[in-house]
Amino acid sequence: MGLVLGAAPASAQQGSLSDTYSSDEILNAGHQFFGSVAQGLASVIEQAFEQYGQPNAYILGQEGGGALFIGAKYGDGTMYTRNAGTHQVFWQGPSLGLNIGADGSRVMMLVYNLPSVESIYDRYPGVEGSIFAVGGIGMTALKLNDVYVVPISSGVGLRAGVAVGYLNFTREPTWNPF
């Protein structure tokens, strides 16, 4: 399980896109998306809901990355909102720390307090402390102002360690991790 930092109160939903998703809706979407590797998904989603409340958007996608102390991560997916439609998003970001290995993951990102669709397109800093193993599920947290992005990933490969970095969400794919 990943290291989760900066927990926001569950009631901090004011000023966001108007409608949120229940834990049952997120769990159903996660089970459909992750399939049979989702045995630990319920407990991870439960922990996210306890710490952050109900998200007002979520992203389903895939990502890959690697690190030898300095790392990079790249991904793409679709962001779902109740009242602003669906939107294609891409993300990439560097990391620095005691981090080594490579992984490929399916990712569900829960997004909290997002005031508008445009607000996702920015850099979200965070600390990763997950260990990704074959069939493992990990969770981290990224924060920019009052917006939290909580990636929940299940993948293959081996990547272990602790690193600081950020994810830069963009409208178009790019190979530049910065």
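In this predicted model, helix α1 (residues 23-34) packs against helix α2 (residues 41-52) at an angle of about 145 degrees, and their axes lie 10 Å apart. The crossing of α1 past α2 is right-handed. On the α1 side, the contact is made by Ser 23, Ile 26, Leu 27, Gly 30, His 31 and Phe 34, while α2 contributes Leu 41, Ala 42, Ile 45 and Phe 49. By residue class, this contact comprises 7 nonpolar and 3 polar residues, with no charged ones.

Strand β1 and strand β2 pair in the antiparallel sense over 23 bridges. The two strands form a hairpin with 4 residues between them, and Gly 85 in the turn has a positive phi of about 80 degrees. Within this pairing, Asp 76 stands opposite Phe 90 in β2.

| Element | Residues |
|---|---|
| Helix α1 | residues 23-34 |
| Helix α2 | residues 41-52 |
| Strand β1 | residues 57-81 |
| Strand β2 | residues 86-112 |

Gly 77 belongs to strand β1. Is Gly 77 buried or exposed? Gly 77 counts as buried because its relative accessibility is 5%, under the 20% limit for that class. Leaving aside residues up to four places away in sequence, Gly 77 touches Ile 59, Leu 60, Gly 61, His 87, Gln 88, Val 89 and Trp 91. Gln 62 is 15 residues from Gly 77 in sequence, yet the C-alpha to C-alpha separation of Gln 62 and Gly 77 is 6.5 Å.

Notes:
Residues are numbered from 1 along each chain as its sequence is written. This is a predicted model: local features need pLDDT of at least 70, side-chain atom pairs count only at pLDDT 80 or more; totals for chains, interfaces and linings use all residues. Side-chain values use heavy atoms; hydrogens and water are left out. Axes are lines fitted to C-alpha atoms, for helices over the stretch in contact, and angles run from 0 to 180 degrees between N-to-C directions. A crossing is left-handed if the near helix is turned anticlockwise from the far one by less than a right angle, and right-handed if clockwise. Contact means heavy atoms within 4.5 Å. Ala, Val, Leu, Ile, Met, Phe, Trp, Tyr, Cys and Pro count as nonpolar, Asp, Glu, Lys and Arg as charged, and the others, Gly among them, as polar. Two strands pair if DSSP finds at least two bridges between them. Buried means under 20% relative accessible area, exposed over 50%, partly exposed in between (1.4 Å probe, protein chains only).
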